[in-house]
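Dear colleague,

My notes on what was found in it follow.

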Amino acid sequence: MMSSPFLAQPKSVRQVMLWVLAALLPGALLHSALHGPAVWLQILLASAAALLCEAAMLRARGLPARRFVLDGSALLTGALIGLTFPPLGPWWLVVVGAFFAIVVAKQLYGGLGNNLFNPAMVAFAVMMVSFPAQMSQWTPHAALSGGDQLLYVLTRDLPAGLSADALAGATPLDAVRTGLLNGQTLGVLLAGPWPVSLDQALLALAWLAGGLALGARGVLRWQAPLAMLATLTVLAALAHLLDAERYASPLFHLLAGATQLGAWFIATDPVTAPSSARGRLWFGAGIGALTWVIRTWGGYPDAVAFAVLLMNLCAPFIDLHTRAPAFGQRQPGGRR
Amino acid sequence: MSQWISGDAARGIIGDGLWRQNAGLVQLLGLCPVLAVSSSVVNGVSLGLATALVTGLSSALIASVRHWVPNEIRNPVFILLIAALVTLVELLMRAGLPELYAVLGIFIPLITTNCIVLARAEAFASRNPVPHAALDGVMMGLGLTLVLAVLGGLRELFGKGTLLSGLELVLGESARGWVIHLIPESAHYQFLLAMLPPGAFIGLALLIAGKQWWEARPARTPAPAPLQGEQA
């Protein structure tokens, strides 16, 4: 979908997907440095499952499997699943997630370009709702050696003297939510100069860097991520000014959880976002607002996946109301 | 006032009720109980049979009084008749199967508002003789029961790894051992999505898609012989 004056070279789907995969690399490298080699195993499992499901569904639908599998879109979905799921989750978690993403959310809706929902986020939401315990097993640091991690993911076997409970850790979003529910205040919970750990902040910056590179290359369009981050910042800042002990600072919201990954790699999905520039602004703003609302009052650790899915649902409606009128067309009662 | 049904008519009514005009998959009527109660085979089949009983009785009753019901007030009259029958079924169930009644609860009195019952009264029973109407009501109910059984089975299987759980509510404690554990109980298997409302929507959508696919198939299978010089 290009608009005049057609100065830029149109990019192929495969080029775009490869660029996005490359932009995920700094974040993925840092993620695996922080959480261990299990991250790569999860990416590998998720991508393999996604490609297999894609090929099987394309074959069942009588479409040229080779051409569409090689366009890289399933690979990207697999990579995003591998990166968003807990690194030490059991192997079947990402595999079942990838199945839902590709078979249900993508191919049953008509394949790339026709899917209403972002496949990776459908996988996340489905598995989050179905297996809340397994989906919140985040380990704060690499407590296991690399080999033990891979073994744990594949067989659930732990070296002697370690229990699964000892490995489990809470993410900052989780810690803040439970702390607030238990009557603690943010002044205690987020003591120190930075609201999130250095690891978290670096990871957020790595996603941000990848996103900025994509934007500079012209692969992604700026409206959705910028509107999302701006809305999240404004809402968080207003609430934080109102009551700093109950509402976390904008910096916390910008660095914690999946904010940056979601803004630059999920909200920018050209298929599930509105196609007009003004529409993408509304789309991004909606994601930002919903993320803040669900994080503040919701029941799940992170909100980006649910916020994106809810706004995916609104995208056709947004498109309908932000469509530029054809030249000379008059809308009765319209704004133009 | 009643003439007996010919074999052809009966076959047509049975085919419509169970497959061609299936209440759950084609008419998409009565979706509220279909989605809410289909969390297991036993729940689904129990509610389906209760609905079939009500649709059969109400269709027969309505067909038998159809000549005396003034057209202008037919809906209130139909609803009163249906409600009386549902109350009957509800009281019987409460007396005979109190545990099952506790599970199905509100959905039994709600059979009154099930669109299928009124739809069959309006569309079929009010203009057909009693035997036809009774058969149609029962078959529509059984068609719905079939959907509820398959959907309940799918959701139970994927959600908990069992089949026929809760049978003891219907057949007494001795049936507790009949529950089939396709995944060993010790594995603590649970796939919450299938048990939650979204699972009901996804499952029903897949069933509808499956029926459409099945019906589109015969048109495809006898592939026309390729013309000469043309690619197959």
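**Aromatic pairs**

Over all chains, a search of the whole structure finds 11 aromatic pairs; rings of Phe, Tyr and Trp (its six-membered ring) pair if their centres lie within 6.5 Å, and planes under 30 degrees apart count as stacked, over 60 as edge-to-face and the rest as tilted. One of them is the edge-to-face pair of A:Phe99 and A:Phe100, at 6.0 Å centre to centre with 85° between the planes. A:Phe99 is partly exposed, with a relative accessible area of 40%, whereas A:Phe100 counts as buried at 11%; buried means under 20% relative accessible area, exposed over 50%, and partly exposed in between (1.4 Å probe, protein chains only). A further pair, A:Tyr247 and A:Trp292, has ring centres 6.1 Å apart and planes at 40°, so this pair is tilted. A:Tyr247 lies in the loop between helix H13 (223-242) and helix H14 (250-255) of chain A, and A:Trp292 lies in helix H16 (residues 277-297) of chain A, so that the pair links distant parts of the chain, 45 residues apart. Both A:Tyr247 and A:Trp292 are buried. One aromatic cluster is formed by A:Trp92, A:Phe99, A:Phe100, A:Phe131 and B:Phe191.

Please note that this is a predicted model, in which local features need pLDDT of at least 70 and side-chain atom pairs count only at pLDDT 80 or more, while totals for chains, interfaces and linings use all residues. Residues are numbered from 1 along each chain as its sequence is written, chains are lettered from A and ligands numbered from 1 in the order in which they are written, and side-chain values use heavy atoms, with hydrogens and water left out.

**Charges over rings**

A:Arg67 lies over the face of A:Phe68, at 5.0 Å from the ring centre, and B:Lys211 lies over the face of B:Trp19, at 4.6 Å. The criterion is NZ of Lys or CZ of Arg within 6 Å of the ring centre and within 35 degrees of the ring normal.

**Nonpolar cores**

The largest nonpolar core has 77 residues, of which A:Leu24, A:Ile81, A:Phe85, A:Phe265, A:Phe283 and A:Ile287 touch the most other members. Such a core is a set of buried Ala, Val, Leu, Ile, Met, Phe, Trp, Tyr and Cys residues joined through side-chain atoms within 4.5 Å. Helix H6 (residues 119-130) of chain A gives the most to this core, with 10 residues; helices (H or I, at least four residues) are DSSP runs, numbered from the N terminus. Domain 1 (11-169) and domain 2 (171-321) of chain A both give residues to this core, so it lies between them; the domain bounds come from an automatic or database domain assignment. A second, separate core of 24 residues includes B:Phe78, B:Val86, B:Ile111 and B:Val117.

A:Gly82 is found in helix H4 (residues 73-84) of chain A and is buried, with a relative accessible area of 2%. Not counting residues up to four places away in sequence, A:Gly82 touches A:Gln42, A:Ile43 and A:Ala46, where contact means heavy atoms within 4.5 Å. The C-alpha atoms of A:Gly82 and A:Leu44 are separated by 7.5 Å, although these residues are 38 residues apart along the chain.

The buried residues of H13(A), among them A:Met228, A:Leu229 and A:Leu232, pack against H14, helix H15 (259-266) and H16 of chain A.

With kind regards

Notes
Helix = DSSP H or I, 4+ residues; strand = E, 2+ residues; numbered from the N terminus.
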